[in-house]
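Hello,

Here is the structure I promised to pass on. My notes on one helix and a set of strands follow below.

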Amino acid sequence: MKRKHIIISAVICLLLAVICINVSAVSKSGSRGEEVRKIQTKLKNWGYYNGSVDGVYGWQTENAVRSFQKKNGLTADGVAGEKTLNAMGIFSSGGTSSSSSGGANNANIELLARVINGEARGEPYEGQVAVGAVVLNRVDHPSFPNSISGVVYQKGAFTAVDDGQINAQMYASSRRAARDALNGWDPTGGAIYYYNPKTATNQWIRSREIICTIGGHVFCN
């Protein structure tokens, strides 16, 4: 009988652990804590959230998450679950959205590939890698956010985010290009901007110092 009680207790502990893990992987209305602060900070930086960064998941945070989800092809339920956290570049301490380097790397590859796909599909392969390199160069530059997700979702930074092309059908070359860029290939020589000279109307971008031209894009500082 004693052994039976021990087994039952062990099973209950295991179930409670699983429940805790699942809860920690999701932030939703009523949640509080550091993960909520991270969500609010990112959404505020990207222009989705105008409230206080207080770590409280209230109605403003929920609406901001829903707007982010709609913009990025996610289920717009206002709940920051695994896919939403990954899209934001936040890796929960629990659940399958772990903070392990493997989970983070996979999410970074996917997000970088989506930007490349949205901005440069149809460009020569070197040009696709070059777009990925620009994103990574911005991450390392003091004038830009210090994460891939922060750079990608910075307001007005990439046309593919603004017009939804970031969610276009993925080409295999985009993922390869993302991996090559993350592995250190930078065909641009350190560029932090690029534009298409045939379509660009912004005179400021045309005033930047040109480093090189690859395919249909001009890369510059």
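This is a predicted model: local features need pLDDT of at least 70, side-chain atom pairs count only at pLDDT 80 or more; totals for chains, interfaces and linings use all residues.

The buried residues of H3 are Thr61, Ala64, Val65, Phe68 and Gln69. Seen down the axis of H3, they fall within an arc of 140°, so they line one face of the helix. Those buried residues pack against helix H2 (34–45) and helix H4 (82–88).

After H3 comes Gly73, with a positive phi near 70°.

S3 (residues 217–220) pairs with S1 (residues 193–195) in the antiparallel sense, over three bridges. In that pairing, Tyr195 stands opposite Val218. S3 also pairs with S2 (residues 210–214), again antiparallel, over four bridges, and here Ile214 is opposite His217.

S2 and S3 form a hairpin with two residues between them. Gly215, in the turn, has a positive phi of about 60°.

Which way do the side chains of S3 point, and are they buried or exposed? His217 and Phe219 point one way, Val218 and Cys220 the other, and all are buried. In a regular strand the side chains alternate between the two faces of the sheet.

Regards

Terms used:
Residues are numbered from 1 along each chain as its sequence is written. Side-chain values use heavy atoms; hydrogens and water are left out. Buried means under 20% relative accessible area, exposed over 50%, partly exposed in between (1.4 Å probe, protein chains only). Two strands pair if DSSP finds at least two bridges between them. The arc is that of the directions from the helix axis to the C-beta atoms. Contact means heavy atoms within 4.5 Å.
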